[in-house]
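Please examine the sequence and the structure shown here.

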Amino acid sequence: MDKVIVESLDSDFSGIITAPNGKKVNVFFVYPGDELHVEYVKRRPRQRSLRIKETIRNHDWKLVKCDVFGECGGCTGQHIDYKEQLELKFSPILNTFQKDLGISITPIPSEQIYEYRSRMDFSVFPGPIIGQRQRGNFRRVVPITNCSIQSSWANEALKEVQSVLNQKPEVIWDRRSDEGGLKYLTIRKAQNTEDGILIFTFTDGYESHPSMESFRKLCLETLSQESLLFCYNRPKSEVSAFGRPEVLRGKSTFTEIVLGQSFQIPFDSFFQPNPKGFLPILSFIKERLPKVCENLIDMFCGNGFFSLLYGDSFQNVDGYELTESSIEIASKTFLENYPNKSFSFQIANLFMSTELLKQKENATLILDPPRAGAGKLVNQWIRDFGPEYVFYVSCNPYSQKEDVSIFLSKYDFVDGILIDPYPHTPHTESVLFFRRKSS
């Protein structure tokens, strides 16, 4: 057995050590100065991995508020002072934008670093166990009775569901024997309304199992939440809050209010996990929208989030999104809120083709693509045909930087911000504002 010392922290909050073979290795839930006793374990022929046998902490963990921090695969930075967290994850992003693109972005810290998530997904395993997957071990679930980054409402719901499952453990899906049906619990609680919903994800076909009648009754009698929903998807599908719905009580949506705009969010739809933490980006865009602009192009529009927020500033809105259900919701909601505006929300796979994109005069583009970025075709379209104003919102500034490098030659960077809606994790969000160069 060898002894190594944690030397520094990486941008994902992992500690960096030098292994006995001289290679640099990243280890989570440690701090510089901690002493690790390690050994190499042979798992496969010709393959050895480093195993930590003991950790001697030389750093005070009084900052940690979670009982299972260090096992749960969620937060990785609760043991680090918040200012240091920001330095670790902001600095590499700010530096690479400045160095590679000559762009300076303003960093903004979060005002609330606990109880900020409006959605949490928990695995359910026989035991009964409700929790999060262990970091580095997908097959083990760490039991959780109280999560420090979700609301007290959600934690109370978690306790109630645990009580129900203690009485009816047979409904939980055993992935080895294929018995039972319940795979996941999803808790969604609005931040700016009283709405919330509990979503139980079962294996498809389990709705007709004999044990479900008594389980439905027990949920209705025991759980205090207004909206309860069961959904069913393929047994081998490890996806939560997705599938054929069954409303047990209440409704299949919940209401959230952002910047005075009301949103009806379907149980299986994406919505910002921390709306309050996302407000700096929303305010940034609102303050910089052109005073006179006829058209809004909303790429990767989802349920029409940006179109609804800023629709009153434009005469026409064109939205593009891959998911049919999202387009239906966007069209319906926009019509209800802006009956006198012209609009078009279309199903489009922008990674495969940009033929549906319309070149508009006097237009503003807002795009908020997935983590992997907007894709080559979209960025080339922006470069060649993009409108005068572009707001690029991203949950992955690194892919955002690569995208921007494709069209930056045709645009002037105005300004941008980098925010931290997800404290104690390495995830960030950013928005960059560009104006097209004169011909």
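What volume does the second largest pocket have? In this predicted model, the volume of the second largest pocket is about 610 Å³.

**Second largest pocket**
- The lining comprises 20 residues, and those closest to the centre of the pocket are Val27, Phe28, Phe29, Ile52 and Arg135.
- At least two lining residues come from each of strand 4 (24-27) and strand 6 (47-56).
- Strand 6 makes the greatest contribution to the lining, with five residues.
- By class, the lining consists of eight nonpolar, seven polar and five charged residues.

**Helix 1 and helix 8**
- Helix 1 (residues 82-101) and helix 8 (residues 397-407) have axes that come within 10 Å and cross at roughly 10°.
- Angles under 35 degrees count as roughly parallel, and helix 1 and helix 8 are therefore roughly parallel to each other.
- On the side of helix 1, the contact involves Pro92, Ile93, Thr96, Phe97, Asp100 and Leu101; helix 8 contributes Pro397, Tyr398, Gln400, Lys401, Val404 and Ser405.
- Seven nonpolar, three polar and two charged residues make up this contact of helix 1 with helix 8.

**Gln400**
- Gln400 is located in helix 8 and is among the residues of that helix that meet helix 1.
- Gln400 counts as buried because its relative accessibility is 0%, and buried means under 20%.
- Apart from neighbours within four places in sequence, Gln400 is in contact with Phe97, Tyr392, Val393, Ser394, Ser430, Val431 and Leu432.

How values were computed
Residues numbered from 1 in each chain as written. Predicted model: local features only at pLDDT ≥ 70, side-chain atom pairs only at ≥ 80, totals over all residues. Heavy atoms only, no water. 1 Å grid on protein atoms, 1.4 Å probe; cavity = no way out; pocket = protein on both sides within 12 Å on 5 of 7 lines; lining within 4 Å. Points joined across faces, edges and corners; volume = space filled by probe spheres on them. Helix = DSSP H or I, 4+ residues; strand = E, 2+ residues; numbered from the N terminus. Nonpolar A, V, L, I, M, F, W, Y, C, P; charged D, E, K, R; others polar. Axes fitted to C-alpha atoms, helices over the stretch in contact; angles between N-to-C directions. Parallel < 35°, antiparallel > 145°, perpendicular 65-115°, else oblique. Contact = heavy atoms within 4.5 Å. Buried < 20%, exposed > 50% of the residue type's maximum accessible area, 1.4 Å probe, protein only.
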